[in-house]
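Settle in and keep the viewer open.

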Amino acid sequence: MDRTQLLLGLSIALFALGLLGLIIRRNALVMLMCMELMLNGVNLSLVTFSERYADAGGAVLVFLVFIVATAEIALAIPIVLLLVRHTRSMDIGRYTDLKG
Amino acid sequence: MGVLALGSAALMLVLRQPMRVALALITTMMALGGIYGLLGVHFIAAFQVLIYVGAVMVFIVYVIMLMELREAEGNRRFSGWRVPGLVVFALLVLVLVVSVWSGGTGSLPPAASAPFSLTQFSAEFLSRYWLVFELTSVFLVAAIVAALAVIKVSRRVDG
Amino acid sequence: MISLPHTLAAIVLLPLMGFLLNGVFATALGGHRFGNRLAAIVGCGFPIAAFVLTVNALLTLQAGGYAPLIEPLYRWATIGDSTFDVTFYFDRLSAIMTLVVTGVGSVIHVYSTGYMHDDKSHGRFFAYLNLFLFFMLLLVLGRSMLVLFVGWEGVGLASYLLIGFWFDDLANARAGKKAFVTNRIGDAGFLLGMFLLYRACGTLDMDTINAVFMGLAGSVPVVSASLVGLLLFIGATGKSAQIPLFVWLPDAMAGPTPVSALIHAATMVTAGVYLVVRMSGIYMHAPEASQVMAIVGVATAFLAATIALVQTDIKKVLAYSTVSQLGFMFLALGVGAYGVAIFHVVTHAFFKACLFLGAGSVIHALGGEQDIRKMGGLRTRIPITFWTFVIATAAIAGIPGLAGFFSKDEILWYAFASSRGGSPWLWGVAAVTALMTAFYMFRLLWLTFLGPSRMDHAVEHHVHESPLSMTGVLMLLALLSAVGGYFSIPHFLEAQVPLPAIVAEREHYERTLLVVSIVLAFSGLALAALMFGGSAERPERVKRALLPLHRLLSAKFYVDELYERLLARPLVWMSEQVLLRGSDRFMLDGMLNGMAALALRSAGLLGRLQTGSLHLYSLFVMAGIVGALVWSWRHG
């Protein structure tokens with residue numbers, strides 16, 4: 001079992017854990033952080049492959065992910081905070097506006 | 001390094017208070033940064049720590065601190081879908097692991113001989129992938145505009 | 001003799017014109033624009049014109065050495081390789097039939113002007129009568145069985161319309177319905193026979209079919225002649241009221257009397273006889289079918305005669321008499337004497353029409369009374385009616401010298417001596433039937449006209465002779481009944497339909513049988529005179545002595561009740577229980593409703609997926625990834 005496989009396994013684990021957290025946790029902020037975790041997992045696999053083949057394309061994608069994640073967090077948190085202020089709770093289970 | 005990353009990620013799922021979850025996430029990211037460094041891609045590692053930990057996580061921590069967001073005692077920690085979630089999680093891990101491990105490294109193309117270097121990366125970034133570069137700037141502008149819009153909305157909501 | 005190019009088409013279409021004109025303008029449809037007089041002129045004029053044209057056609061035929069006149073009208077249909085044309089065909093047989101149809105038809109139309117004078121649906125009557133003539137002419141002039149069948153069905157329709165003419169009385173409508181439905185049952189056999197013929201001969205033209213069966217066309221048919229013969233005969237039993245489909249004819253007396261005379265005595269009911277003679281080529285090679293025909297014919301004749309003995313309605317006696325005489329015709333057909341059967345058709349048309357119209361005259365004179373127990377003593381009050389009735393009765397009874405004698409005697413002779421199925425048994429039954437015929441006809445005569453009057457007083461006051469339009473026709477028909485037998489139709493037709501050979505051993509019986517026939521006729525007369533000429537006591541005594549038999553006969557052997565039990569009730573039961581409840585309501589409606597319910601329920605179920613819960617959505621994402629990966633494994 002060599003380095004690539006190990007790293008890929010770790011990447012998979014991180015991604016899956018993030019997704020599981022999304023399903024399991026109720027707190028809105030925690031769910032956001034789990035999404036960050038997922039992104040990190042993907043980043044890891046990208047870096048692994050990019051380093052292995054000395055391909056710049058992978059690194060470019062990694063940079064893209066950084067940028068997108070940052071912008072996303074910057075906007076998602078205020079939106080969640082607005083929502084929280086509106087319903088006075090951070091519990092996702094109480095938001096049922098998407099129903100139907 | 002890998003164990004640390006995995007462990008703190010799992011911890012994330014279990015902790016109750018969002019502050020502690022954020023701290024766990026920081027740990028995970030730092031561990032990843034370490035991994036990147038060990039791989040030899042130092043600049044990516046630098047960026048990971050700089051941007052992710054330094055900007056994103058700090059932002060989250062500030063928000064939690066300043067808004068004093070806590071979980072009330074009586075709230076439920078886990079959603080109603082624990083059991084199915086765990087089941088599918090197991091399945092997913094199984095499927096992914098099998099698909100990755102079944103081939104072995106023999107099925108992948110051979111590794112490159114020369115290690116990855118920064119100069120090579122920046123040269124390619126600005127020549128071959130220049131479109132990406134331009135698009136990111138557009139994207140950042142859009143993000144700023146969106147942030148302004150959110151401020152307006154929040155001002156209106158507040159009255 | 002003028003030769004017109006489309007004579008036959010004109011003969012057929014003239015009555016149709018009459019139907020259209022009268023049907024539109026003389027009825028409520030057109031606002032009763034024609035008065036009674038104009039409707040009568042139109043209604044009678046077209047048939048008379050058709051008759052004149054027929055005579056002309058006959059002369060043309062004669063001049064051409066009796067080669068058949070063939071007149072194509074138009075191409076009806078082309079299906080694949082086969083074509084179906086409407087063509088008219090005129091040969092000796094057609095000539096005789098057409099003359100009878102147009103001739104007797106015309107005089108009955110004239111009679112109707114008097115009889116239906118005060119009826120409120122006067123115009124409608126003439127329209128329907130003309131329609132009937134149109135279809136009957138199609139039947140006898142068509143070359144292809146298809147055209148004949150159109151005519152066949154059409155006369156059934158006209159018969160239905162005319163039997164139920166006074167449909168305000170529900171019983172009349174029911175009688176019309178009974179006639180039509182019974183006919184249709186026979187038609188099933190007819191159709192099957194037609195299909196077989198078409199497959200075997202590739203055409204429905206009757207002359208070609210005959211040639212094929214006679215081996216003249218060189219090809220041998222691949223279908224059993226007996227089977228086809230039987231199937232066509234089944235059709236004939238429906239139309240010509242033989243066992244088992246005769247039950248509609250007595251009920252058909254619900255229609256006006258001219259209808260009974262025209263349709264149910266002279267023309268429509270003889271369509272079955274015409275069909276068999278026309279297809280004689282088949283029947284000559286179908287000994288089994290012919291045997292069946294002879295037996296059914298003679299049985300029908302016997303049965304109907306026994307029922308006629310005890311009937312008390314003047315028209316019903318005549319109706320059963322018609323069934324009986326038709327049986328005689330089929331007997332003749334069954335033993336191969338086709339020309340003789342046609343001979344009897346013609347003479348029967350004369351005297352039966354005269355009898356029916358005479359009965360109509362009596363009913364008219366008595367203001368609607370039809371029960372012969374309430375008649376009597378009319379001889380001096382309505383003399384013309386009486387004397388014409390006498391002549392016609394004598395003719396049907398077979399008194400020598402009159403028309404009926406000649407035709408009936410020929411039938412009896414061939415029944416005995418024909419090499420194609422004649423036997424002493426057939427002759428015996430037929431002879432007894434002839435005796436009964438004479439008896440019940442003279443009984444009718446006596447009870448209606450002679451002896452002391454048994455009429456109601458109110459009726460008796462108004463007894464009067466019928467107008468000239470009616471009595472004139474009666475006199476004409478009586479004359480024909482008297483002299484019509486002298487023109488030997490069998491010999492006229494022999495060139496076309498040969499008479500069967502006589503069995504050698506029986507040949508010398510001819511004189512004997514002739515004498516026997518005469519004796520039978522006079523015995524019937526004598527018996528009737530004996531029974532009914534004296535006091536009313538004698539028939540009463542006889543009736544009491546034979547009471548059970550009398551009851552059986554009066555109830556017409558319970559045939560109608562039998563049919564009702566065996567056929568009608570099970571059919572109705574099945575329609576209601578099985579078909580209505582079972583399939584229609586349960587299955588069809590259930591299926592449709594079930595599908596709708598299914599759609600509703602599944603929509604409800606699927607709707608529950610969209611809960612708005614983000615957790616659930618994420619779960620689906622994960623499950624989806626798993627699924628996609630597994631799928632990609634499977635497919636490489």
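This is a predicted model: local features need pLDDT of at least 70, side-chain atom pairs count only at pLDDT 80 or more; totals for chains, interfaces and linings use all residues.

Residues are numbered from 1 along each chain as its sequence is written, chains are lettered from A and ligands numbered from 1 in the order in which they are written, and side-chain values use heavy atoms, with hydrogens and water left out.

Let's begin with chain B, which has 6 helices and 0 strands; helices (H or I, at least four residues) and strands (E, at least two) are DSSP runs, numbered from the N terminus. Of its 159 residues, 31% are buried, where buried means under 20% relative accessible area with a 1.4 Å probe and protein chains only. Among chain B contacts (heavy atoms within 4.5 Å) between residues at least 6 apart in sequence, 59% link residues at least 24 apart.

In chain C, the axes of α1 (residues 7–25) and α2 (residues 36–63) come within 9 Å and cross at roughly 175°; axes are lines fitted to C-alpha atoms, for helices over the stretch in contact, with angles from 0 to 180 degrees between N-to-C directions. α1(C) and α2(C) are therefore roughly antiparallel, the word for angles over 145 degrees. Residues making this contact include C:Leu14 and C:Gly18 of α1(C) and C:Phe46 and C:Leu53 of α2(C).

Helix α22 of chain C (residues 510–533) has 24 residues that should span 34 Å at 1.5 Å a residue, and its end C-alpha atoms are 34 Å apart, which agrees; the expected span is 1.5 Å times one less than the number of residues. Among its buried residues are C:Leu513, C:Leu520 and C:Phe532. The helices of chain C that the buried residues of α22(C) pack against are these:

| Helix of chain C | Residues |
|---|---|
| α16 | 383–397 |
| α17 | 403–417 |
| α18 | 424–449 |
| α23 | 537–545 |

Now for the cores: a nonpolar core is a set of buried Ala, Val, Leu, Ile, Met, Phe, Trp, Tyr and Cys residues joined through side-chain atoms within 4.5 Å. The largest has 198 residues, and C:Met145, C:Leu197, C:Leu232 and C:Met279 have the most contacts inside it. Its largest share, 19 residues, comes from α15(C) (residues 338–365). A second, separate core of 68 residues includes A:Met33 and B:Ile64.

Finally, C:Gln325 sits in α14(C) (residues 314–334) and counts as buried at 0% relative accessibility. Leaving aside neighbours within four places in sequence, C:Gln325 touches residues including C:His344, C:His348 and C:Lys352.

Key:
Buried means under 20% relative accessible area, exposed over 50%, partly exposed in between (1.4 Å probe, protein chains only). Angles under 35 degrees count as roughly parallel, over 145 as roughly antiparallel, 65 to 115 as roughly perpendicular and the rest as oblique.
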